[in-house]
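Hello,

Here is the structure I said I would pass on. My notes on it follow below.

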Amino acid sequence: MTDQSSNDPAEEIHPHKPADDREQIYFEGSPLLRGDLGRLFIFAIIAAILVAIPILAVRFHWFPARPWIWLTCDGLALICLLIPFILIRTIRYRITNYRIDYERGLLSKSIDTLELWHVEDIKFHQSLIDRLVNTGDITILSHDDTTPRLHLDGVPNPRPLFENLKQRVIAVKRQRGVIKMDTGS
């Protein structure tokens, strides 16, 4: 019998193909405002009420018309319309094939990282309105001490991302040799 192994010393040192540890980004960005239409609607109603106050006050003679009242109410209405945009921009997700980074904050920033091998379960929710605007929510349950439950709200095109995450959790656990044990409780 002939020995068919190669005489290449590099192959003897590393007999297996090296692991492909390149990180692939599945999603990076902020939630979409159209994924939170309820909050946008509430702030729009508050803004409309603030605009209507000086108009109704003049019409029904509640108090005399003063320019500062108009400017104050219109300024507050504009702020109410900007609040949902600002709140959405304070959140940022970075979802890769190995981890999820959840960044939040306006002036100061906090970032939580959830390694996919810690993930125990993934839930997907998409209401009728979410389906119409192609957004959805993904909830991740994990054994991570700092992030046991992570809500990814208003994610665009959520179903393929959900499917990719499910597959990657299985692959990463298999790659790390993580075995799920049923304790019988």
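**Notes on the model**

Phe63 sits in the loop that links α2 (37–59) to α3 (67–89). Please keep in mind that this is a predicted model.

The relative accessibility of Phe63 is 32%, so this residue counts as partly exposed. Phe63 also belongs to a nonpolar surface patch, together with Phe41, Ile45, Ile49, Ile53, Leu56, Phe60 and Trp62. The accessible area of the patch as a whole is about 790 Å². Patch membership requires over 30% relative accessible area, and Phe63 has 32%.

The next loop I looked at is the one between α3 and β2 (91–96), where Thr90 is placed. Thr90 has a relative accessible area of 15%; buried means under 20%, so Thr90 is classed as buried. Setting aside neighbours within four places in sequence, the contacts of Thr90 are Glu103, Arg104, Gly105 and Leu106. Thr90 can also be placed relative to Pro31: the two are 59 residues apart in sequence, and their C-alpha atoms are 9.6 Å apart in space.

Two of the residues that Thr90 touches, Glu103 and Arg104, also take part in salt bridges. Glu103 pairs with Lys109, with an N to O distance of 3.8 Å. Glu103 is partly exposed at 22% relative accessibility, and Lys109 is partly exposed at 47%. Arg104 pairs with Asp112, and here the closest N and O atoms are 3.0 Å apart. For Arg104 the relative accessibility is 28%, which means partly exposed; for Asp112 the relative accessible area is 22%, again partly exposed.

How many salt bridges does the structure hold? The count is 8. Another one of them links Arg39 to Asp36, with 3.2 Å between the closest N and O atoms. Arg39 has a relative accessibility of 34% and counts as partly exposed, as does Asp36 at 23%.

Regards

Note on methods:
Residues numbered from 1 in each chain as written. Predicted model: local features only at pLDDT ≥ 70, side-chain atom pairs only at ≥ 80, totals over all residues. Heavy atoms only, no water. Patch = residues over 30% accessible without salt bridge, like charges linked within 9 Å, V, L, I, M, F, W, Y side chains within 5 Å. Areas by Shrake-Rupley, 256 points an atom, 1.4 Å probe, with all protein chains shown as cover. Salt bridge = Lys/Arg side-chain N within 4 Å of Asp/Glu carboxyl O. Helix = DSSP H or I, 4+ residues; strand = E, 2+ residues; numbered from the N terminus. Buried < 20%, exposed > 50% of the residue type's maximum accessible area, 1.4 Å probe, protein only. Contact = heavy atoms within 4.5 Å.
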